[in-house]
Amino acid sequence: MKPNIRHRIIAILSLWPFLCSLAQENNILVNTDWDHERHAWASSWITHPTESRSDFGVFLFRNSFNLETIPDSITVYVSADNRYRLLVNGHEISRGPARGSLMHWRYETLNIAPYLHVGENIIASEVYNLGPLRPAAQYSYQTAFIFQAKGDQRTSLNTPGNWTVWKNEAYEPIEVTGDMVRGYYVAGPTDRITGSKYPWGWESVDFDDSNWEKPVVLSRGVGRGYMHGTPWMLVPRNIPMMEQSPEHDPVIREASGIDFDPQFPALNHPLTIPAESSCTLLLDQGYLTTTYPIYKLAGGKGASLRATYAESLYDNELRKGNRDQVEGKQMIGCFDMIIPEGGAGRVYRTLTTRTYRYLELRVTTGAEPLTIEGIEANFTAYPFVRNASFSAGDPFLDELQEIGWRTARLCASETYMDCPYYEQLQYLGDTRIQALISLYVSGDDRLMRNALLQADQSRMYDGLTLSRAPSAIPQIIPPFSLYWIDMVHDFYMHREDDPFVRSFLPGIQAVLGWFERRMGPDGLMGGLEWLNFSDWSKGFMVGSPPGVDLGGSALVSLNFAYALERAAELFQHFEDPYLAERYANLSHQIKSSVFDLCYNEEKGLLADTREQLDFSQHTNIFGILSDCIPDSLQHGVMERILDDSTLVQTTIYYRFYLFRALFKAGLGDHYLGQLGPWKEMIDKGLTTWEEGDYEERSDCHAWGSSPNYDLLSIVCGINPGRPGFREVSFTPNLGDLEHVKASMPHPLGTIRAEYDHTPGKQLKATIELPRGTSGEIRWGTQRVKLKAGSQTVLMK
């Protein structure tokens with residue numbers, strides 16, 4: 001065989017698994033003509049023939065077909081811009097696509113066979129474009145829908161095929177402003193739904209769609225690698241479908257203008273509002289949640305129902321105070337407006353999710369009474385499962401974990417989110433903490449993988465990632481690009497997946513190069529563009545430490561040195577000794593410069609700049625974490641960080657790093673005494689952790705859930721002993737706790753630890769490691785090796 005032929009065969013064989021994995025694309029290895037191109041789909045993107053493709057609009061697509069027998073499987077691929085809700089014979093089976101960017105536009109792969117029956121069937125899709133008001137996290141090119149069935153026998157299901165389309169005029173957007181919700185808001189509009197304009201029953205087989213229109217074709221569907229320009233580069237969904245489960249019924253806390261059944265709004269306990277009247281009801285879910293609300297109404301032609309959603313209520317001075325209290329408080333929040341058309345058994349759904357603890361209903365009726373037959377709410381979030389446990393016989397620590405896990409869940413959907421009410425954006429500073437919580441409490445690493453990819457895909461030409469991704473509104477926070485490198489290293493320490501980690505090396509080089517080009521001649525970071533946010537601390541201007549604008553920030557210099565060290569480890573692992581040594585040397589030079597120029601002998605602390613006028617907990621925390629501060633001084637510096645109230649103090653967010661420094665400096669036994677801010681939040685009736693201790697805005701920020709990670713990583717002391725987590729390190733910091741029992745997921749099984757502790761005297765540790773792992777437990781100066789299986793160690 002000739003060498004060139006052999007090479008072609010090898011190339012084809014190497015591509016074959018990839019082609020098989022993308023079955024929706026044409027099975028073509030070589031572009032031959034315009035109709036036979038690699039990465040092309042058999043179906044096309046379609047849209048409404050006359051309506052605006054960029055403005056707000058809700059569009060309904062239908063395709064009916066007959067079956068003589070029901071196949072075991074019918075695989076279909078579906079996507080839309082902005083989003084879709086897919087129904088088969090009236091059953092909702094999918095919402096999507098998973099959030100991404102135009103360069104990586106997701107599609108879902110579904111088996112619709114279980115929802116089919118012999119005879120006529122209907123596939124229906126609700127597609128909406130939120131227009132200029134869409135969330136900041138939502139990319140869009142134009143309104144569009146694509147659907148394709150696998151195999152040559154199902155081509156009638158492909159778009160355009162037999163599909164029809166209709167614009168649903170019932171929906172109009174309500175713009176949510178910052179004034180309306182008292183804070184920066186970019187999570188999209190709410191809905192005004194007019195029942196008289198709704199095509200009731202549109203998703204059913206017997207609906208008459210004879211006056212519906214034929215859609216127009218926009219372009220063929222294509223995947224990444226297609227040879228021509230295309231708006232959407234389709235890639236398969238890489239995360240599971242979101243959980244949707246019934247939420248508990250709320251309770252009525254206040255009511256005016258109506259007598260009511262106290263079991264309302266549960267089904268079979270309806271509420272009828274008489275004609276020509278008005279009423280207000282305040283419902284309390286009891287805890288913060290995120291749902292798709294469903295309002296079941298009957299009658300009420302000429303009425304209006306306004307549903308307002310809020311995390312908490314406000315007093316007359318616009319303070320939230322205790323979240324459990326409702327007396328003398330007012331509702332401030334975003335709202336939906338429903339205008340019933342008088343029919344029976346009507347179901348009104350919001351297009352997008354709502355986050356709330358309190359739900360206020362304001363109803364005004366006309367000539368007909370309105371019956372609210374029930375309010376249903378389907379909780380939705382990424383389907384994390386709580387697989388870890390921590391028990392120490394302390395009710396506060398139990399509540400700490402419950403609230404923290406609820407917070408983490410509400411801040412995780414198709415991406416991690418800073419908060420579910422106001423922004424819904426995947427900020428890298430928040431995401432690093434959220435990902436570690438996911439790994440330790442759930443063990444599910446898929447959302448972390450997705451976050452790492454999306455950040456890498458957001459990188460600009462000069463090297464930095466966006467501060468948040470996906471985000472159609474670009475924002476740059478340079479230190480967050482460094483936290484992305486730290487996050488890649490976190491993944492490397494906790495998972496064995498060299499090809500995945502290796503894929504980020506070019507991006508890591510690009511980020512580090514951006515910072516290196518901005519180093520000052522004195523070895524500190526020079527002046528930086530953009531927003532160099534570190535923490536919302538009093539004493540930092542707009543969250544940025546001194547020195548970032550004109551140069552000389554010790555904190556950002558140490559952020560850079562810390563990331564360089566982690567990059568050096570990665571490049572050493574992947575056998576690039578030149579870059580590994582170069583990054584390690586640069587890190588050492590920066591740390592030496594920071595210590596020489598910023599360490600104040602009198603205070604025994606690092607200053608924030610070379611002028612030594614400002615001092616913060618933050619700079620000294622990273623002085624410890626990066627080993628800029630010599631090991632012999634770290635213990636004393638850490639004590640001063642905790643005791644000196646004149647330092648710029650960390651907020652809830654940066655306490656994650658405070659606690660890592662506490663652990664590193666050998667003061668982990670002080671951890672449990674540092675949880676005062678979380679106790680204060682519980683005392684204020686919060687059911688999720690608020691954004692920070694500096695102002696009242698978001699009641700749900702997942703960076704506050706770091707104790708769910710800390711209890712396992714610091715108190716139980718469970719951490720990777722080496723990359724990949726096959727070696728497990730135990731360095732418990734039990735403080736005054738006498739008995740602790742914990743478990744956490746590991747890629748090879750479950751890690752279990754049980755500690756019986758006599759403070760100041762001895763430790764009895766029973767450790768169970770999964771097969772294929774080993775470990776070591778450290779207690780004071782003692783070190784004991786561990787093996788797979790269960791073992792008990794007595795240490796004094």
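**Note on the predicted model**

1. A search of the whole structure finds zero disulfides, a disulfide being a pair of cysteine sulfur atoms within 2.5 Å. The sulfur of Cys 411 has its closest cysteine sulfur in Cys 700, at 3.7 Å, which is too far for a bond. For Cys 628 the closest cysteine sulfur is that of Cys 598, and at 8.0 Å this too is too far for a bond. Cys 411 counts as buried at 0% relative accessibility, and Cys 628 counts as buried at 6%, where buried means under 20% relative accessible area, exposed over 50%, and partly exposed in between (1.4 Å probe, protein chains only).

2. This is a predicted model, in which local features need pLDDT of at least 70 and side-chain atom pairs count only at pLDDT 80 or more, whereas totals for chains, interfaces and linings use all residues. Residues are numbered from 1 along each chain as its sequence is written, and side-chain values use heavy atoms, with hydrogens and water left out.

3. The protein chain holds 15 helices and 33 strands, these being DSSP runs numbered from the N terminus (helices H or I, at least four residues; strands E, at least two). Its C-alpha trace spans about 85 × 80 × 55 Å along the principal axes, and of the 796 residues 59% count as buried. Of the contacts with a separation of 6 or more, 72% are between residues 24 or more positions apart, contact meaning heavy atoms within 4.5 Å.

4. Two cis peptide bonds may be checked in the model. One joins Gly 96 and Pro 97, with omega about -5 degrees, and Pro 97 lies in the loop between strand 5 (91-96) and strand 6 (105-111). Another runs from Phe 264 to Pro 265, with omega near 15 degrees, and Pro 265 is in the loop between strand 15 (251-256) and strand 16 (271-273).

5. Positive phi values are found in residues other than glycine. Asn 89 has phi near 50 degrees; Asn 89 sits in the loop between strand 4 (83-88) and strand 5, and at 15% relative accessibility Asn 89 counts as buried. Gln 424, with phi of about 60 degrees, is in the loop between helix 3 (395-410) and helix 4 (428-442), and counts as buried at 12% relative accessibility.

6. Thr 650 is placed in the loop between helix 12 (631-643) and helix 13 (655-664), and at 2% relative accessibility Thr 650 counts as buried. Thr 650 and Tyr 599 are 51 residues apart in sequence and, C-alpha to C-alpha, 20 Å apart in space.
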